[in-house]
Amino acid sequence: MVVRSAERLRAAEEAVTQLRDGLGVVAVTLPSLRVDVVSLASEAPYPLVDLGCCNLDTVLRLAAVLHALDSA
């Protein structure tokens with residue numbers, strides 16, 4: 001069980017890193033982006049990722065990036 005939890009944690013941390021890096025390319029930073037450690041205690045196959053809170057400027061930049069992708 002411990003190995004399984006460790007594997008899930010590593011996968012979640014890698015996903016968070018990939019998302020942080022991808023958002024960084026388009027100048028969007030989610031300061032609270034992290035693995036939700038409480039969800040690691042469950043039997044669910046994958047932990048949750050907490051996208052966290054962000055300010056209005058970040059929301060608008062993220063919305064603009066998503067709109068640009070949708071328009072492409």
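Leu48 is exposed, with a relative accessible area of 53%. This assignment follows because a residue counts as exposed when its relative accessible area is over 50%. In the predicted model, Leu48 occupies the loop that runs between β1 (34–35) and β2 (49–50). When neighbours within four places in sequence are set aside, the contacts of Leu48 are with Val35, Asp36 and Ser39. The C-alpha atom of Leu48 is separated by 26 Å from that of Asp70, a residue 22 positions away along the chain.

The overall architecture was examined next. The C-alpha trace spans about 45 × 25 × 15 Å along the principal axes. Of the 72 residues in the protein, 18% are buried. Among contacts between residues at least 6 apart in sequence, 48% join residues at least 24 apart.

The surface and charge were also computed. The accessible surface of the protein amounts to about 5200 Å², and carbon and sulfur atoms account for 66% of this area. There are 6 positive and 9 negative side chains in the protein, with the centres of the two sets 4 Å apart.

In soluble globular proteins, nonpolar side chains tend to be buried together. The largest nonpolar core in the present model consists of seven residues, namely Ala12, Val16, Leu23, Val28, Leu30, Leu33 and Val35. Helix α1 (residues 2–25) makes the greatest contribution to this core, providing three residues. One of the core members, Val28, is in contact with Leu23, Thr58, Arg61, Leu62 and Val65 when neighbours within four places in sequence are left aside.

Thr58, one of these contacts of Val28, is located in helix α2 (residues 56–71). Thr58 is buried, with a relative accessible area of 5%; the assignment holds because buried residues are those under 20%. Beyond its neighbours within four places in sequence, Thr58 is in contact with Val28, Thr29 and Leu30. Both Val28 and Leu30 belong to the largest nonpolar core. Val59 is likewise placed in helix α2, but at 39% relative accessibility this residue counts as partly exposed.

Two residues of the loop between α1 and β1 were considered in turn. Ala27 is found in this loop and has a positive phi of about 60 degrees, although Ala27 is not a glycine. Most residues other than glycine have a negative phi. With a relative accessibility of 49%, Ala27 counts as partly exposed, because that category covers values between the 20% limit for buried residues and the 50% limit for exposed ones.

Ser32 lies in the loop between α1 and β1 as well. Its relative accessible area is 31%, and Ser32 is therefore partly exposed. With neighbours within four places in sequence excluded, Ser32 is in contact with Asp50, Leu51, Gly52 and Cys53. One of these partners, Gly52, is 20 residues from Ser32 along the chain, yet the C-alpha atoms of the pair are separated by 4.6 Å.

How values were computed
Residues numbered from 1 in each chain as written. Predicted model: local features only at pLDDT ≥ 70, side-chain atom pairs only at ≥ 80, totals over all residues. Heavy atoms only, no water. Buried < 20%, exposed > 50% of the residue type's maximum accessible area, 1.4 Å probe, protein only. Contact = heavy atoms within 4.5 Å. Areas by Shrake-Rupley, 256 points an atom, 1.4 Å probe, with all protein chains shown as cover. Lys, Arg positive; Asp, Glu negative; His and termini not counted. Charge placed at Lys NZ, Arg CZ, Asp CG, Glu CD. Core = buried A, V, L, I, M, F, W, Y, C linked by side-chain atoms within 4.5 Å. Helix = DSSP H or I, 4+ residues; strand = E, 2+ residues; numbered from the N terminus.
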